[in-house]
Amino acid sequence: MAVSGLDAAEGVAGASAAQVADPGPPRSSRLVALIVASALLMQNLDSSVIATALPTMARELGTEPLHLSAAITSYLVALTVFIPVSGWVADRFGAKRVFMVAIGVFAFASMLCGLSRGLGELVAARVLQGMGGAMMVPVARLLLMRRIRPEEMVRATTWLSMPGLMGPILGPPLGGLLTDTVSWRAVFWINLPIAAVGLLMVWRFVPASDEARPPRLDLVGVTLIGAALASLMFGAETVGRGVVPEWLPVLGFALGAALGWAAVRWARRAPHPALDLGLFSVPTFALGVGAGSLFRVGAGAAPFLLPLFLQLGFGASATVSGLVTLATALGAFLMKPMTTAALRRFGFRDVLTWNAVVVAVTLGACAAFNPSWPLWAVFLVLAAGGLARSLQFTSSNALSYVDVPSGKLSAATSIAGTAQQLSMALGVTWGASWLAASAAIAGRAEPAVPDFAIAFLGAALPTLLAAPLAARLAPDAGATASGHGRARG
């Protein structure tokens, strides 16, 4: 994703409300991991190509590049709204069946994106895509997580996410090449053959799971949460943009806050709430979700800003922009095999604290970019940022689940997944807002190099603030998964 592809590839989802089954043979588990990773590959490829194509899409659709951030945030909001019910739907109708339907919906919506003739049609198709993605990726992880033991979580995530990381690696150069040589519409249509192969492999090789009888779905809670998040994101996406009357964003914020308050009140008295607030009494879950969400707001702004900066500020083509920005994904790919060793050596607390500072520094370094920089130097800075971001994503996601009781894993997955997507969506809005505000103050109709510098510094701020939050962890937090205490003992 441009905004969430790496995070989705790095993420560690919990199991559902059903008990985690005994793991199958390791070879079988690896095969399942590689097959379900087709969902991650498709989602991450889709998300990373769209940012590269944004300037061209804006010209052809007759809108401003910054307004097209709605095509990204609408997808992320749909993910955020529908992820809370993904675990319940998978338990009720069977994970394999739901996974296959979700792939089909995602592919169909991708086709509609490529056929869009205006911003409204594109946003509507992206919402449908988000609905498919909300069921596709969490359920893909669920199919694997039901086959492993908790202590194998980090290793299993590696098998799951390595193919998924190919999306952010291939996406930027492929998106640029397709945009320059074919059309921006082709960046959506490449999902169709991937979906066809993925469906065939899942049908043939992934074992079916039994349907469970989960508690009655908390429709009131799900509706309140979804409406609150959608209202807040509407306000954040439209405030100060001049695309709607000035009072509408204010109404969105007020309505979102009121609905959020109502959702919390409902969760405290519902027998089986969609939002299980009791999970925040688990320190590792609370800090993993809290620090991780704050970090993602800053980290989620960067992939949105970089392609725009290279094309609008450097005058680079979409192809060149894609080739340069793939450095972030390459860095993440190189870090993945080293994550386990880093956690074993330093533990979750030190990794999440000091690595957040490193990521903030790399974002701050992006503020120094200007057209006089050679592209190879930009590439190196982005690769270093990708290394650090990968470590932070994997560590915060893994930490969130290490102490969650098995019976609470489904609820934990819903909360953590929703927080992850919301924070990444807010990251796009956060970066776009800094960019638009800087340009407006300077009286520029279109963002220039100084405006991007301000936006990158703004992105570094929440990432840096995640460090003191992570520092509140106990020194041995998450030792079961990291092996930190055992390694030193």
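Start by selecting helix 4, residues 86-93, in this predicted model. Buried residues here include S86, G87, V89, A90 and D91. Step just past the end of helix 4 and you reach G94, which takes a positive phi of about 100°.

Next, select helix 12, residues 283-313. Now look along the helix to L305, where helix 12 bends by about 30°. A proline, P307, follows within four residues of that bend. Colour helix 12 by accessibility and you will find it mostly covered, with 26 of its 31 residues buried. After helix 12 comes G315, another stop for your backbone angles: its phi is positive, near 75°.

From here, move on to Q392 in helix 14, residues 375-401. Is Q392 buried or exposed? Its relative accessibility is 4%, so Q392 counts as buried.

For the last stop, turn to the surface and select W430, W434, I454, L457, L461 and L465. Together they form a nonpolar patch with about 520 Å² of accessible area. Helix 15 (409-441) and helix 16 (449-470) each supply at least two residues of this patch. Which helix gives the most to the nonpolar patch? That is helix 16, with four residues. Finish on L461, which lies in helix 16; at 42% relative accessibility, L461 counts as partly exposed.

Conventions:
Residues are numbered from 1 along each chain as its sequence is written. This is a predicted model: local features need pLDDT of at least 70, side-chain atom pairs count only at pLDDT 80 or more; totals for chains, interfaces and linings use all residues. Side-chain values use heavy atoms; hydrogens and water are left out. The expected span of a helix is 1.5 Å times one less than its number of residues. The bend at a residue is the angle between axes fitted to the seven residues ending there and the seven starting there. Buried means under 20% relative accessible area, exposed over 50%, partly exposed in between (1.4 Å probe, protein chains only). Patches are made of residues with over 30% relative accessible area and no salt bridge: like charges are joined within 9 Å, nonpolar side chains (Val, Leu, Ile, Met, Phe, Trp, Tyr) within 5 Å. Accessible areas come from the Shrake-Rupley method with a 1.4 Å probe; for residues, only the protein chains shown count as cover. A salt bridge is a side-chain nitrogen of Lys or Arg within 4 Å of a carboxyl oxygen of Asp or Glu.
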